Amino acid sequence: MDLQRIAKTILPDRAVTSLRRAKWARECRRVASLPPLAEKDFREILANDLNLSEGDLVYVHSGMDGLNLAFPFYRILFLIREIIGPSGTVLFPTYPNHRISSYEYLRQANVFDVRRTPSYTGILTEFARRQRGAVRSLHPTKSVCAIGPVAAEITATHHLSPYPYDTGSPYYKLIEGGGKIVGLGATTNYISFGYCVDDSLKEKFPVRVYHDEIFNAPCINYQGERVMVSTYAHDMSRVVHPEMPVWFQKHVSAEACRDLMVRGMRFFRADAPKLFAEMMDLAERDIIAYPRSVYRK
């Protein structure tokens, strides 16, 4: 058991939260002390370290506090689009729940408006959502926005399954489209793509990752119509992971997924089809990123 899990076991929630914030503040100070990245530097990282190229389908996780930039943050979107070109498509998570879990958000009966509800998954994702030509999936808690020629196609069917990472989701379509996943100022602790394995196996997966309740969530689509979308919400008492960079390094090939430290800043890259195939093979051998304590009884 690692120190973080020990702390959660013996300390009150307020103390754990305080320790987490202190750790993050130290990391922000460390990053701020590093030489800032110019646009040229960042473009080289995208192309050479994260392996982005013309025509890519790429899903971006981002944490601006984890980067020390010598240019405005919003330029990142344009740098990515310059590299993947007009035939490439870029995706961002645009989750609407702010400081609460998806379960709490759904219990509050919030109305998700695909056109107007802000993204609280970081400032870069909200900037992307507001771009002309951005298309957002109609999902009340796990919405994704996409910009590029396959944006409408990759977001079109997200609302059709109660499992947010099922085969109709943008996450799963990364597999079919040969997609890449990158983290900018973020580690694989934030990668959400792994839930595709959970949702692919459903009841066969050894952990019941969702609350039993299924929500019929009110949403507003692009036509301004009110529609109800059925979805499960993750049970955060069961969705307990170890340090994912360590787990990936131990169980998954470097070609499928790897965390990187570039110029003192944290990044990661993943190949969606390879990562899914390897994680599915691991799951069949009962090697998953969950502790035994949360397995189904």
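Let's start with the open sheet. Seven strands, mixed pairing, in the order E4-E5-E2-E1-E6-E10-E9. Strands here are DSSP E runs of at least two residues, helices are H or I runs of at least four, and both are numbered from the N terminus. Two strands pair if DSSP finds at least two bridges between them.

Before I go on: this is a predicted model, where local features need pLDDT of at least 70, side-chain atom pairs count only at pLDDT 80 or more, and totals for chains, interfaces and linings use all residues. Residues are numbered from 1 along each chain as its sequence is written, and side-chain values use heavy atoms, with hydrogens and water left out.

Leucine 184 has phenylalanine 267 of E10 as its bridge partner.

What packs on this sheet? Helix H11 does, touching E6, E9 and E10. Touching is contact, meaning heavy atoms within 4.5 Å. The direction of H11 makes about 80 degrees with that of E10. Axes are lines fitted to C-alpha atoms, for helices over the stretch in contact, and angles run from 0 to 180 degrees between N-to-C directions.

Next, the cores. A nonpolar core is a set of buried Ala, Val, Leu, Ile, Met, Phe, Trp, Tyr and Cys residues joined through side-chain atoms within 4.5 Å. Buried is under 20% relative accessible area, exposed over 50%, partly exposed in between, with a 1.4 Å probe and protein chains only.

The largest core has 47 residues; Ile181, Phe193, Phe248, Leu275 and Tyr290 touch the most other members. Several elements supply at least two residues each, among them strand E1 (57-62), helix H10 (244-251) and helix H11 (272-284). H11 gives the largest share, seven residues.

Take tyrosine 290. Beyond its neighbours within four places in sequence, its contacts include Tyr195, Phe205, Arg238 and His241. A second, separate core holds 33 residues, including Leu67 and Ile147.

Last, strand E7, residues 215-220. Buried or exposed? Five of its six residues are buried. Strand E3, residues 112-113, pairs with E7 in the parallel sense over two bridges. Phenylalanine 112 has cysteine 219 as its bridge partner. Strand E8, residues 226-231, is antiparallel to E7, with six bridges. There, alanine 217 partners valine 229. E7 and E8 form a hairpin with five residues between them, and glycine 224 in the turn has a positive phi of about 80 degrees.
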